[in-house]
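Please look at the sequence and the structure before reading on.

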Amino acid sequence: MVTAAEFQKSEIDGIILESAKKSLSNICHVLSERNHRYNWTGVYVVVGDHLKLVSFQGAATEHVLIPLGEGLCSLAISRNETVNEKDVKSNREYLACFLNTKAELVVPVRYGDKPIGEIDIDSDEKGAFDQDDEKFVEEIAEKISPLVKLIYDQHEKNLR
Ligand code: SME
């Protein structure tokens, strides 16, 4: 039987989770609004052997659940490093989302050294991202790590 205390704790977990998702959504919004080349900005979280889209700013995508192993999004996780593709059409690993996308930047979000999610940015401009963008988005990835960790942990709990 679920005790009153347990019920409240799970209710509170739900509130915390919703706040984390809302914050990530606002952060995606700020990134896309303030940087004209960031045409689509999203946050994926590692869930088992998939990447799950938890927040985004821009058009809706069919890639809400990406099997690890597919796309540039997976590459950033398996390599545990930033992927900066200046010309997506030239990369066979690229998983096409939007017709207009020409460049993509994927930055892992880590807990300690472990990649638990990522920031994914699509641009309509070829070669849109330079080293300054990489550095900047890597800093943002560090900042959002506690929020991503909350969502990652919740999924881990549900997978058990
Ligand atoms: N292009 C990504 C898929 C996600 S969308 O860009 C939103 C990839 O190659 O993994």
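In helix α1, the buried residues are Leu-17, Ala-20, Leu-24, Cys-28, Leu-31 and Ser-32, where buried means under 20% relative accessible area, exposed means over 50%, and partly exposed lies in between (1.4 Å probe, protein chains only). This is a predicted model, in which local features need pLDDT of at least 70 and side-chain atom pairs count only at pLDDT 80 or more, while totals for chains, interfaces and linings use all residues. Residues are numbered from 1 along each chain as its sequence is written, and side-chain values use heavy atoms, with hydrogens and water left out.

**Helix α1**

Helix α1 covers residues 4-34 and has 31 residues. Helices (H or I, at least four residues) and strands (E, at least two) are DSSP runs, numbered from the N terminus. From its first C-alpha to its last, α1 reaches 45 Å, close to the 45 Å expected at 1.5 Å a residue; the expected span is 1.5 Å times one less than the number of residues. The cover over the buried residues of α1 includes β1 (40-47), β2 (50-57) and α3 (131-159).

**Strands**

Strand β6 (114-123) is mostly covered, as nine of its 10 residues are buried. On one side of the pairing list, β1 and β6 run antiparallel over six bridges; two strands pair if DSSP finds at least two bridges between them. Val-43 has Ile-119 in β6 as its bridge partner. Strand β5 is also antiparallel to β6, and nine bridges join them. Glu-104 stands opposite Asp-122 in β6. Strands β5 and β6 form a hairpin with two residues between them. In that turn, Gly-112 has a positive phi of about 65°.

**Nonpolar cores**

The largest nonpolar core has 34 residues. Such a core is a set of buried Ala, Val, Leu, Ile, Met, Phe, Trp, Tyr and Cys residues joined through side-chain atoms within 4.5 Å. Ile-119, Ile-144 and Val-148 have the most contacts inside the largest core. The elements giving two or more residues to this core are α1, β1, β2, α2 (71-79), β5 (103-111), β6 and α3. Helix α3 gives the most to this core, with seven residues. Another core, of seven residues, lies apart from it, and among its members are Leu-72, Ala-76, Val-83 and Val-88.

Leaving out residues up to four places away in sequence, Ile-119 touches residues including Thr-41, Leu-105, Val-137 and Ile-144. Contact means heavy atoms within 4.5 Å.

**A loop glycine**

Gly-127 lies in the loop between β6 and α3. Gly-127 is partly exposed, with a relative accessible area of 37%. Apart from neighbours within four places in sequence, Gly-127 is in contact with Lys-86 and Ala-103. From C-alpha to C-alpha, Gly-127 and Pro-67 are 26 Å apart in space, and they are 60 residues apart in sequence.

**Cysteines**

How many disulfides does a search of the whole structure find? The search finds zero, a disulfide being a pair of cysteine sulfur atoms within 2.5 Å. For Cys-73, the closest cysteine sulfur is in Cys-97, 7.4 Å away, so the two are too far apart for a bond. Cys-73 is buried at 6% relative accessibility, whereas Cys-97 is partly exposed at 26%.

**Salt bridges**

The structure holds five salt bridges. A salt bridge is a side-chain nitrogen of Lys or Arg within 4 Å of a carboxyl oxygen of Asp or Glu.

| Pair | N to O distance |
|---|---|
| Asp-13 and Lys-157 | 3.4 Å |
| Glu-139 and Lys-135 | 3.3 Å |
| Lys-149 and Asp-153 | 2.8 Å |

Asp-13 is partly exposed at 30% relative accessibility, and Lys-157 is partly exposed at 43%.

Glu-139 and Lys-135 are four residues apart in helix α3, so about one helical turn separates them. Lys-149 and Asp-153 are likewise four residues apart in helix α3, with about one helical turn between them. An α-helix has 3.6 residues a turn, so residues three or four places apart point the same way. Glu-139 is partly exposed at 42% relative accessibility, while Lys-135 is exposed at 52%. Lys-149 is buried at 17% relative accessibility, and Asp-153 is partly exposed at 32%.
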